[in-house]
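Open the model in your viewer and keep the sequence panel beside it. We will go from stop to stop, selecting a few residues at a time.

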Amino acid sequence: MDTATARCCDLAMPPGPGKGWAKGLSAAGDSRVARGAAAHRGLHYERRTPLTECKWFRGGLTTLPLCWSDAMAYVVGLTATDGCLISSRPRIDFKSADRQLVETYVSLLGRNDRIAAAPTRAGGFAFVVQITDRSLYDWFRAVGLSPRKSLTIGGIDVPDEFLFPLVRGLLDGDGSIVNGVWRADTTRRSDYYWETLKTKFVSGSRKHLEWLLDRLRAALPLRGWITRNTRAWALCFGKRDSVRLLPHLYPDRDAPCLIRKRAIWENYQARHGGHLGSPPLG
């Protein structure tokens with residue numbers, strides 16, 4: 001066969017599979033992909049080279065033990081509110097308008113991942129960290145978190161002894177402490193004012209707030225009520241309930257928290273310290 005004939009035969013033959021040939025294919029529609037998937041099913045692979053020794057590695061490693069503790073309970077509370085589990089890969093995204101909260105989140109996990117500033121729809125900026133950790137991702141799933149959880153999250157499998165650090169995380173993520181002074185609506189006295197203190201937890205899932213209210217009522221003599229606005233559900237506690245709840249959420253200044261929210265309670269406590277106490281559990 002001469003050179004010209006060989007060249008014609010090469011052009012007539014279909015090209016073999018090259019790099020990226022399986023892109024867009026699935027095991028259901030392609031037998032080659034199905035055979036490859038079956039060959040790997042049930043196998044467990046272990047990394048030969050530690051991540052820290054890989055030249056391309058720029059992330060961090062989670063050093064916080066994957067078990068319930070005060071620090072982990074707080075992290076779970078933050079993840080349940082401002083965090084997001086990405087279903088396409090074992091990644092956890094955590095975003096907040098408060099950089100201090102994101103720094104606390106990363107520090108408690110013992111990681112050194114980069115914190116980036118991302119623009120928001122309102123024209124401002126939020127701070128976000130992306131964490132790739134299969135073990136941490138699976139542990140979050142095991143205690144009650146899930147991808148696209150905003151409207152579906154229910155209870156979290158937290159032991160009673162770590163309930164309050166978890167609740168502090170829920171409060172710092174999607175909650176608020178409101179303290180204000182208003183003049184009473186009366187014409188008899190111009191110097192008559194009243195002060196309010198409210199603690200509120202917000203969620204797109206009523207089931208989650210019902211679970212939270214039940215757990216807090218089992219731990220403290222609280223009332224509370226659940227209400228709804230146009231966008232989400234809210235679990236609210238008035239002044240008397242807040243005075244009972246907040247001392248347990250902020251037992252000391254070493255407890256990790258969003259500092260600006262703790263300052264609201266500390267200012268109220270400083271003005272009324274002689275009349276406040278930390279009631280025992282139960």
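Buried means under 20% relative accessible area, exposed means over 50%, and partly exposed lies in between. Keep those cut-offs at hand. One caution before we start: this is a predicted model.

**Stop 1: the whole chain**

Show the chain as a cartoon. Its secondary structure comes to nine helices and eight strands. Now colour by accessibility. Of the 282 residues, 40% count as buried. Next, think about contacts between residues at least 6 apart in sequence. Of these, 62% join residues at least 24 apart.

**Stop 2**

Do not look for a disulfide anywhere: the structure holds zero.

**Stop 2: the loop between α5 and α6**

Helix α5 covers 134-143, and G144 sits in the loop that runs from there to α6. Select G144. With a relative accessible area of 30%, G144 is partly exposed. Which residues does G144 touch, not counting those up to four places away in sequence? They are I153 and G155.

V76 and G144 are 68 residues apart along the chain, yet their C-alpha atoms are separated by 9.6 Å.

Move on to R148. This residue also lies in the loop between α5 and α6. R148 counts as exposed, because its relative accessibility of 68% is over 50%. Check its backbone too. Most residues other than glycine have a negative phi. R148 is not a glycine, but its phi is positive, at about 50°.

**Stop 3: α6 against α7**

Two packed helices are described by the angle between their axes and the distance between the axes. Select residues 163-174 for α6 and residues 206-219 for α7. Their axes come within 12 Å and cross at roughly 140°. The two helices are therefore oblique to each other. The crossing of α6 and α7 is left-handed.

Now show side chains. From α6, pick L163, F164, L166, V167 and L170. They meet H208, W211, L212, R215, L216 and A219 in α7. Nine of the residues in this contact are nonpolar, one is polar and one is charged.

**Stop 4: α6 against α8**

How do the axes of α6 and α8 cross? They cross at roughly 105° and come within 9 Å. That angle falls in the range from 65 to 115 degrees, so α6 is roughly perpendicular to α8.

Select F164, V167, R168 and L171 on the α6 side. On the α8 side, take L245, L246, H248 and L249. By class, this contact has six nonpolar residues, one polar and one charged. Notice F164 and V167: they take part in the contact with α7 and in the contact with α8.

**Stop 5: inside α8**

Is S242 buried or exposed? Its relative accessible area is 0%, so S242 is buried. Show what surrounds S242. Leaving aside neighbours within four places in sequence, S242 is in contact with L197, K198, T199, F237 and P247.

Note on methods
Residues are numbered from 1 along each chain as its sequence is written. This is a predicted model: local features need pLDDT of at least 70, side-chain atom pairs count only at pLDDT 80 or more; totals for chains, interfaces and linings use all residues. Side-chain values use heavy atoms; hydrogens and water are left out. A disulfide is a pair of cysteine sulfur atoms within 2.5 Å. Axes are lines fitted to C-alpha atoms, for helices over the stretch in contact, and angles run from 0 to 180 degrees between N-to-C directions. Helices (H or I, at least four residues) and strands (E, at least two) are DSSP runs, numbered from the N terminus. Angles under 35 degrees count as roughly parallel, over 145 as roughly antiparallel, 65 to 115 as roughly perpendicular and the rest as oblique. A crossing is left-handed if the near helix is turned anticlockwise from the far one by less than a right angle, and right-handed if clockwise. Contact means heavy atoms within 4.5 Å. Ala, Val, Leu, Ile, Met, Phe, Trp, Tyr, Cys and Pro count as nonpolar, Asp, Glu, Lys and Arg as charged, and the others, Gly among them, as polar. Buried means under 20% relative accessible area, exposed over 50%, partly exposed in between (1.4 Å probe, protein chains only).
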